[in-house]
Amino acid sequence: DDPEPEILMLAHLKYGQGLPASMDEIQYIHRMREKRGFEASLPLLSDQASFELRKKMLEERELYEWEVREGEMKKEQQERLQILIDTLQERQAKIEEFNKLRLDKIRDEKLQTRDSQLNDIDAERIKLARTLKKIRDSMLEEFKERGEVPR
């Protein structure tokens with residue numbers, strides 16, 4: 001019956017490239033069916049009025065198909081934009097994580113340096129305190145030997 005069976009319009013679909021069918025492929029199949037129905041409903045080119053009607057119908061169909069294609073392109077563009085946004089957000093998250101780790105490392109190093117310096121200062125303070133105590137004790141011994149009482 002049909003010079004071009006519907007199955008031939010689906011021949012380009014292969015596994016991983018349109019199969020298994022997603023909503024996009026199902027919509028494509030419906031549009032192809034609509035187009036075949038539209039083409040079957042076109043008036044024959046028998047007279048001038050039929051020609052004008054056919055021309056008008058074809059122009060309207062072409063505008064409709066352009067709108068559909070434009071919508072598909074916008075949808076695809078939005079998907080790509082979303083992928084780009086997601087990629088940039090992942091990249092930003094990695095950069096922030098890297099910076100956080102770097103900052104933590106620097107802070108830990110600075111804290112270790114500070115603690116080391118505080119320990120050195122504390123050790124020096126204790127050493128000086130012991131030295132001063134020895135000097136004081138020796139001075140007290142001298143005063144006791146001389147019989148003087150320091151105040």
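Start by selecting Asp122: with a relative accessibility of 32%, it counts as partly exposed (that is, between buried, under 20% relative accessible area, and exposed, over 50%, using a 1.4 Å probe and protein chains only). You're looking at a predicted model, where local features need pLDDT of at least 70, side-chain atom pairs count only at pLDDT 80 or more, and totals for chains, interfaces and linings use all residues. Residues are numbered from 1 along each chain as its sequence is written, and side-chain values use heavy atoms, leaving out hydrogens and water.

Arg125 and Asp122 sit three residues apart in helix α3, so about one helical turn separates them. (Helices are DSSP runs of H or I, at least four residues, numbered from the N terminus.)

Stay in helix α3 and pick Asp137 and Lys133, which are four residues apart, about one turn of the helix. They form a salt bridge too, with 3.1 Å between the closest N and O atoms. Asp137 is partly exposed, at 32% relative accessibility.

Next, select Glu65 and Lys35, whose side chains meet in a salt bridge (4.0 Å, N to O). This pair links distant parts of the chain, 30 residues apart: Glu65 is in helix α3 (residues 48-146) and Lys35 in helix α2 (residues 23-41). Glu65 is partly exposed at 31%, and so is Lys35 at 28%.

Last stop: select Arg31, Arg69 and Glu72 together to see a network of salt bridges. By this rule, the count comes to 13 salt bridges.

Methods:
Helix = DSSP H or I, 4+ residues; strand = E, 2+ residues; numbered from the N terminus.
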